[in-house]
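Thanks, everyone. I'll take a few local features in turn.

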Amino acid sequence: MLLAVASLMWAGAAAADDDAIADNPLVEIPGGPFVFGNDMGNENERPQHIVEGQAFAMNQTEITNAQYRRFVTATGHRTAFYDRHPALGLADHPVVGVSFADAEAFCAHYGLKLPSEQEYERAARGTQGARFPWGDAPVDAARANYGRDTCCGGDDITAPARSLPQGASKEGLLNLVGNVWEWTRDFYAPYSGEAPPEIGGKYRVLRGGAWNSDPARLSATYRLAYDPDFRFAANGGFRCVRSPD
Amino acid sequence: MRALAGLIALSLMMVAADGLAEPKAAPGYEVETVQKPGAIFAGLARDGDALLVTDLADGRLYRRTQDGRFTAFGPALPHGTDVMGDPTGPYRVERHGKGYLVAQGWTPADRNEDANDHAMLEVDERAVTKVVNNDFWNPYDFAVSNDMLFVVDAARNSVERLLLNGGGRTQLFAFARLSTRGQSLTALSPTEFGDTRKYEFDAVPTGLAMHGGRVYVSLFGGFPFLAGSGRIVSLPQAGQTSIARIEAGGLNAPVDVVFDATEEMLVLEHGTFDQSSGWASDSGRLLEVDLVSGKRQVLLDGLTRPVDVLPLDNGGFVISQLDGKLVFLRQTGPAQPHP
């Protein structure tokens, strides 16, 4: 029953531009004030404050292998590192093994961008600063794909991008927490003040946690800063936004 | 086997592009490289005057005769890509009586499991004649001593000991995870590794050699494959121990360890891992390590994705690479290894 309700929520999500990426509509996220940051989280998630956001639209699901392959075919861009992996490369699973530049190039091909951290949080937390896309209820296996080991089952790593409807956001976006970390377009820096020189302008932020994340990293506010050139991540993917910024 | 925090890479043996340059030998040696197009070479062994080599590309065993020809023999064994994305198949082969012993890797991901997977097998010129034991996860290397078989299981992070008939199996040793300080990983991610805590990674035993009543094992070190995080350890061949003795440290992904006719220990380093481009071409090395002094010398540099090393009668060596190359290192005069 819950599954049926959640499925209806997807169908009811407002599609902003069905033509951008086939099978992965852009879902409108309205503008307005929302809670950003988390005073209860790590130091780099603070301070919690109110942001006046502009409307934007975000892919309903993480970009899949099938969608990424179409981009590769159209552009000649390099394939994802795990493109031929028997489990990670499944067509309807999120593409992994892509660098920041790979993800950025994919979005640009469709006239889109990677989300900013603010856009990600607005999509994943709503306006009131919920812990998770579904609200403040604790995470469980029906809502997010997380906490798995790398060894040795093999086919229980990523979940299909269009899965876990009980974990959908209010606007119907799926897997914003868990499944794969998602690149954002922001450099890693404190929310207030300057980044130290050894960090400033060097790292991009990923959000949302992944299939192997422990609960400490599985939140809508956890910030993962990583070398943007790293393209071997078996748990790093992305989705795109149409953004006014 | 909890993964490292943050992003992770899965594969140990991801196949990469060819090396860019010829390997460079120490003074007193010369190098010859031969290639079998399309091959993914792994295990090496001697068979009289011939060389045996396993090919993960087609699951076959090959005999390379002195005229340079490769001839397939034995059964076509399961091969392909395993669930981690690594090539799997017959990892190692050794002549054993009238037949051969083969260490057969993890089940290819696109096939149903059968009795020959993740197993020690006896084969003859045409077929598998006996499954010695298939209760392994990923048997990567083995050695025979008297009637005992010692098998390194790269996925189980252990060394297993059993009778050659497959019975009497015991776990000789299970390797704990290795650790590193967070600072050494800060360049990868300041949020995950930018403090003084220790982070663990799998030991990943790979090569195995018997010497002086001890079992020597190369610990490759799992992701993020930090330079210098690999080591060679040894265990008593008989009985049980709770501590592995560290014989050499600071190694770059050691994938095999052997002893030559002069009882010198040779270590084959797979290479260095770059977080943006993967295993660096031409970064593998063959080292000679003095067990007493700890002094090490580079015999061969500039290897690309090497996996096995075999001493030859003439004081030289042959090394297999995943790009289908065999690299022969031959002595041309008094050895003068460079440091």
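Start with a sheet in chain B: four strands, open, in the order β2-β31-β30-β29, with antiparallel pairing. Strands here are DSSP runs of E with at least two residues, helices are runs of H or I with at least four, and both are numbered from the N terminus. Two strands pair if DSSP finds at least two bridges between them. At the edges of this sheet sit β2 (29-35) and β29 (306-311) of chain B, each pairing on one side only. On average, neighbouring strands are turned by 20 degrees against each other, direction ignored. The axes are lines fitted to C-alpha atoms, for helices over the stretch in contact, and angles run from 0 to 180 degrees between N-to-C directions.

Before going further, the ground rules. This is a predicted model, where local features need pLDDT of at least 70, side-chain atom pairs count only at pLDDT 80 or more, and totals for chains, interfaces and linings use all residues. Residues are numbered from 1 along each chain as its sequence is written, and chains are lettered from A and ligands numbered from 1 in the order in which they are written.

β2(B) pairs with β31 (residues 325-331) of chain B, antiparallel, over seven bridges. B:Tyr29 stands opposite B:Gln331 in β31(B).

Now chain A. How many of the nine residues of helix α4 (117-125) are buried? Eight, so the helix is mostly covered. Buried means 20 or more other C-beta atoms within 10 Å of the residue's own; exposed means 12 or fewer; partly exposed is in between; C-beta atoms are placed from the backbone. Among the buried ones are A:Tyr120, A:Arg122 and A:Arg125. After α4(A) comes A:Gly126, with a positive phi near 70 degrees.

Next, backbone exceptions. Most residues other than glycine have a negative phi, and most peptide bonds are trans.

Two cis bonds. One joins A:Arg46 and A:Pro47, with omega about 0 degrees. A:Pro47 is in the loop between β2 (32-36) and β3 (49-53) of chain A. Another joins B:Phe223 and B:Pro224, omega about 15 degrees. B:Pro224 lies between β20 (214-219) and β21 (230-236) of chain B, in the loop.

A:Leu164 has about 55 degrees. Its loop runs between α4 and β5 (181-187) of chain A. Buried or exposed? A:Leu164 is buried, with 22 other C-beta atoms within 10 Å. B:Asp282 has a positive phi near 65 degrees. That residue lies in the loop between β26 (278-279) and β27 (284-289) of chain B. B:Asp282 counts as partly exposed, because it has 19 C-beta neighbours inside 10 Å.
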